[in-house]
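Dear colleague,

Please find below the structure that I am handing over to you. My notes on what was found in it follow directly after it.

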Amino acid sequence: MAAAKTVGARERDTELSPAAVRYLLTIFDLSGGLGAVRSVDIAETLCVTRASVVYMLGVLAEGEFIRKRPYGSVQLTPAGVHAAKELNVKYNALDALFTRCLKLKPDAAHKDAVACLCNLSAEAVDQLARLAMQGEQERCVS
């Protein structure tokens with residue numbers, strides 16, 4: 001299983017696990033990249049236990065992608081915002097490719113875009129995202 005590559009706060013290549021990618025995208029989505037997010041909201045959105053959230057937030061905090069705040073909330077650090085924005089751009093491009101070119105239903109396109117980010121090599125994701133952003137989806141077989 002491949003892991004997404006991004007640059008962490010310590011300016012080093014950081015391998016993000018598939019779970020970390022999902023959590024970063026979810027925190028970014030819930031916060032709009034700016035505000036604090038309650039861990040209970042993350043658990044509900046991802047349909048995971050609070051224990052799973054606590055564990056993954058510890059991983060993301062150790063990588064300096066998030067900062068834990070009082071009362072069980074977290075906020076993206078500047079490095080976390082940067083990584084989440086980078087992932088979100090690729091996610092949006094893949095989601096558009098899957099809905100427009102492959103004619104997938106929105107729910108399936110969303111799940112498959114996240115799966116690609118989590119499981120394909122960084123090179124494959126970059127190429128697919130580039131393809132989608134260049135409008136080449138018109139070349140796809142209908």
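Helix H1 (residues 18-31) packs against helix H5 (residues 106-119) at an angle of about 130°, and their axes are 8 Å apart. H1 is therefore oblique to H5. On the H1 side the contact is made by Pro 18, Val 21, Arg 22 and Leu 25, and on the H5 side by Val 114, Leu 117, Cys 118 and Asn 119. H1 passes H5 in a right-handed crossing.

This is a predicted model, in which local features need pLDDT of at least 70 and side-chain atom pairs count only at pLDDT 80 or more, while totals for chains, interfaces and linings use all residues. Residues are numbered from 1 along each chain as its sequence is written, and side-chain values use heavy atoms, with hydrogens and water left out.

Some terms need their cut-offs. Helices (H or I, at least four residues) and strands (E, at least two) are DSSP runs, numbered from the N terminus. Axes are lines fitted to C-alpha atoms, for helices over the stretch in contact, and angles run from 0 to 180 degrees between N-to-C directions. Angles under 35 degrees count as roughly parallel, over 145 as roughly antiparallel, 65 to 115 as roughly perpendicular, and the rest as oblique. A crossing is right-handed if the near helix is turned clockwise from the far one by less than a right angle, and left-handed if anticlockwise. Contact means heavy atoms within 4.5 Å.

Leaving aside residues up to four places away in sequence, Lys 90 touches Leu 117, Val 125, Asp 126 and Ala 129.

Asp 95 also lies in helix H4. Asp 95 is buried yet has no salt bridge (a side-chain nitrogen of Lys or Arg within 4 Å of a carboxyl oxygen of Asp or Glu). The nearest side chain of opposite charge, Arg 100, is 8.3 Å away; Lys and Arg count as positive and Asp and Glu as negative, whereas His and the chain ends are not counted. Beyond four places in sequence, Asp 95 touches Pro 106, Ala 109, His 110 and Ala 113.

Finally, Ala 108 lies in helix H5 and is partly exposed, at 31% relative accessible area.

Yours sincerely

Definitions and conventions: Buried < 20%, exposed > 50% of the residue type's maximum accessible area, 1.4 Å probe, protein only.
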